[in-house]
Amino acid sequence: MKHSILEDLNWRTTVKHFDPSRRIQSSELAVLLEAFRLSPSSINSQPWRILVVQSDEARARLAKSMTGDYEYNQKHAYDASQILILAQNPNYQREDYADVVEAQIMDGRTDPSDRDKAFEVFGYAENKTDANGSNEAWTRAQLYLALGSLMHACARLRIGSTPMEGIHEDVIHSEFSEELGGYHCNVVIALGYSDTDEDYNCEKPKSRLPLERICVTL
Ligand SMILES: Cc1cc2nc3c(=O)[nH]c(=O)nc-3n(C[C@H](O)[C@H](O)[C@H](O)COP(=O)(O)O)c2cc1C
């Protein structure tokens, strides 16, 4: 089967070794961040935040979260062009949704006279909130959706990426507590260009379960 979407997705492999001499053009980085921002989310909640790690100082702070069991990821903190710390609001509340409603009014999607009505869908978030006020399972799902959009945009631009859950989240939370403002990081993504001489993954054939195994048409 041939299709440009499939060419993009077959091109992308998780980068195992970045070329530290190559950096992403700022105009392309802007496209990637926009692809993340444009991701759909449940009730348009957008419960996410991105920290762009670029300076030597921020890289060193991030690298502290990639030790012990996750040592294998640490080199990406230094070699990738940028690393994005992706975080979500684990206690998404009505006040957070108020920002969304205001943005929808500003963007002309919601009429100002419908401001109160726009909050009706917030009941959906309440249904996903437990007795302790946490709706993290729900907000985390939104974050991963945006991660998917971002990774596809990377592939389209032929920019390499490495999503990483191999991180000590608690270290990230303490190192970047000010910037995260209470948001939780579950995954980071390194961006840049593969060093194809060293990156053992880029030449390997892609391997996925067959469609018949994962898809049932009724
Ligand atoms: C959410 C998520 C977390 C991942 N965490 C890591 C990681 O910590 N380190 C790593 O080298 N690869 C990580 N990967 C890459 C996967 O192992 C990889 O996507 C999978 O084996 C398929 O290979 P491919 O991406 O090269 O097609 C992660 C992928 C995803 C989607």
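Thr162 lies in strand E3, which covers residues 160-164. The model described here is predicted.

**Thr162 and its surroundings**
- Thr162 has a relative accessible area of 3% and is therefore buried, the cut-off for buried being under 20%.
- Leaving aside residues up to four places away in sequence, Thr162 touches Thr14, Val15, Phe18, His76, Val188, Ile189 and Ala190.

**Helices H1 and H8**
- Helix H1 spans residues 4-11 and helix H8 spans residues 136-156.
- Their axes come within 8 Å and cross at roughly 95 degrees.
- Angles of 65 to 115 degrees count as roughly perpendicular, so H1 and H8 are roughly perpendicular to each other.
- On the H1 side, the contact is made by Ser4, Ile5, Asp8, Leu9 and Trp11.
- On the H8 side, His152, Cys154, Ala155 and Arg156 take part.
- Sorted by class, the contact of H1 with H8 has five nonpolar, two polar and two charged residues.

**The largest pocket**
- The largest pocket holds about 280 Å³ of space.
- Its lining is made up of Arg37, Leu38, Ser39, Pro40, Asn44, Gln46, Val100, Ala103, Gln104, Asp107 and Arg109.
- Helix H5 (residues 94-106) supplies three residues, the largest share of this lining.
- By class, the lining of the largest pocket has four nonpolar, four polar and three charged residues.

Definitions and conventions: Residues are numbered from 1 along each chain as its sequence is written. This is a predicted model: local features need pLDDT of at least 70, side-chain atom pairs count only at pLDDT 80 or more; totals for chains, interfaces and linings use all residues. Side-chain values use heavy atoms; hydrogens and water are left out. Axes are lines fitted to C-alpha atoms, for helices over the stretch in contact, and angles run from 0 to 180 degrees between N-to-C directions. Helices (H or I, at least four residues) and strands (E, at least two) are DSSP runs, numbered from the N terminus. Angles under 35 degrees count as roughly parallel, over 145 as roughly antiparallel, 65 to 115 as roughly perpendicular and the rest as oblique. Contact means heavy atoms within 4.5 Å. Ala, Val, Leu, Ile, Met, Phe, Trp, Tyr, Cys and Pro count as nonpolar, Asp, Glu, Lys and Arg as charged, and the others, Gly among them, as polar. On a 1 Å grid over the protein atoms alone, a cavity is a set of points where a 1.4 Å probe fits but cannot get out, and a pocket is an open set with protein on both sides within 12 Å along at least five of seven lines; lining residues have an atom within 4 Å of a point. Grid points are joined across faces, edges and corners, and a volume is the space filled by probe spheres set on the points. Buried means under 20% relative accessible area, exposed over 50%, partly exposed in between (1.4 Å probe, protein chains only).
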